Amino acid sequence: TAQHTFIFVLVSIAVMEIILSFTVSESLIQQFIKRILFLLVSVFCSFAFILAAFIVPGTYVYPSPEKSVMLDLPVKGTWLAMHAGENKWVNYHSNYPPQAFGMDMVKLNEEGMFFANNGADTTDHYAFGDSVFAPASGLVFAMVDGLPNKVVHKGEDTISPAGNYIGIDLQNGKYLFLAHLMKGSIPIQSGDTISAGQFLGLCGNSGNTTFPHLHMHIQDKPTINDTTALGQPFRFRALQRKRFVSFEHLQNAYLNRNDQFKNE
């Protein structure tokens, strides 16, 4: 088996080390060790490059603007996309078809942290209590605004996983959901027509959530827990995005996991 082979190789190297220590000079031993280390590093790097060759090309693949719903950012300030993108290795939402392309976001401070102290309290998190705005115009067709905030890291809720949420009918067969809002913070009612940029409520920690963050996704059916629904891709009309080194001004852009972003 692979385990036995690995053990055999380690034992062989150990035996060779012992033999060499009695039969050759110290300089030759050092050269041998260097060669072994170089071989191990080469094998590790080769494996890493092969793995990256399969993963990296798909990491930055996303449906075109023509196939995506165009939105405005639902928040202001600097935020981090904790889960976003198309593929499973950057977005765990892709494992659940109704929330494919879904996005979780947290607010950052100037040092790039999303919580203060040890993050054990909801108020430690910069997203908690921050304003949420309509990313598109539409009709509010569903909402919940009576669920309490959960304790940080103890927010399991299988009955109402979205917590307090707003469902917006984009009137093109697409339904947008904003979830985990703060209890009592939503000033609108089901049946209201809203405009892009309109204040919708405050980010909270309600529902099935580990810590305060805003969840957003679009699906093709109006019921939030409909397992037959399919998630829809979306992009943003204009934003500043930091993916690698610095922020850049973009239009019709999408977000991947660990992207930082802020309003244009």
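Analyst: Buried means under 20% relative accessible area, exposed over 50%, and partly exposed in between (1.4 Å probe, protein chains only). This is a predicted model, where local features need pLDDT of at least 70 and side-chain atom pairs count only at pLDDT 80 or more, while totals for chains, interfaces and linings use all residues. Residues are numbered from 1 along each chain as its sequence is written, and side-chain values use heavy atoms, leaving out hydrogens and water.

User: Thanks! How many salt bridges does a search of the whole structure find?

Analyst: Side chains of opposite charge can pair when their charged atoms come close. Here the cut-off is a side-chain nitrogen of Lys or Arg within 4 Å of a carboxyl oxygen of Asp or Glu. Among the pairs are Asp 72 with Arg 237 and Arg 241 with Glu 248. For the whole structure, the number of salt bridges found is 5.

User: How many residues apart in sequence are the parts that Asp 72 and Arg 237 tie together?

Analyst: Their side chains meet in a salt bridge at 3.2 Å, N to O. Strands (E, at least two residues) and helices (H or I, at least four) are DSSP runs numbered from the N terminus. Asp 72 sits in the loop between strand 1 and strand 2, whereas Arg 237 belongs to strand 11 (residues 234-242), so the parts they tie together have a sequence separation of 165 residues.

User: What is the N to O distance between Asp 259 and Arg 243?

Analyst: Both of these residues are buried. Their side chains meet in a salt bridge, with an N to O distance of 2.7 Å. This pair links distant parts of the chain, 16 residues apart: Asp 259 is in the loop between strand 12 (247-253) and strand 13 (260-262), and Arg 243 in the loop between strand 11 and strand 12. The distance you asked for, again, is 2.7 Å.

User: One last item: where is Tyr 60 placed?

Analyst: Tyr 60 counts as partly exposed, because its relative accessibility is 39%. Its place is in the loop between helix 2 (26-59) and strand 1 (69-71).
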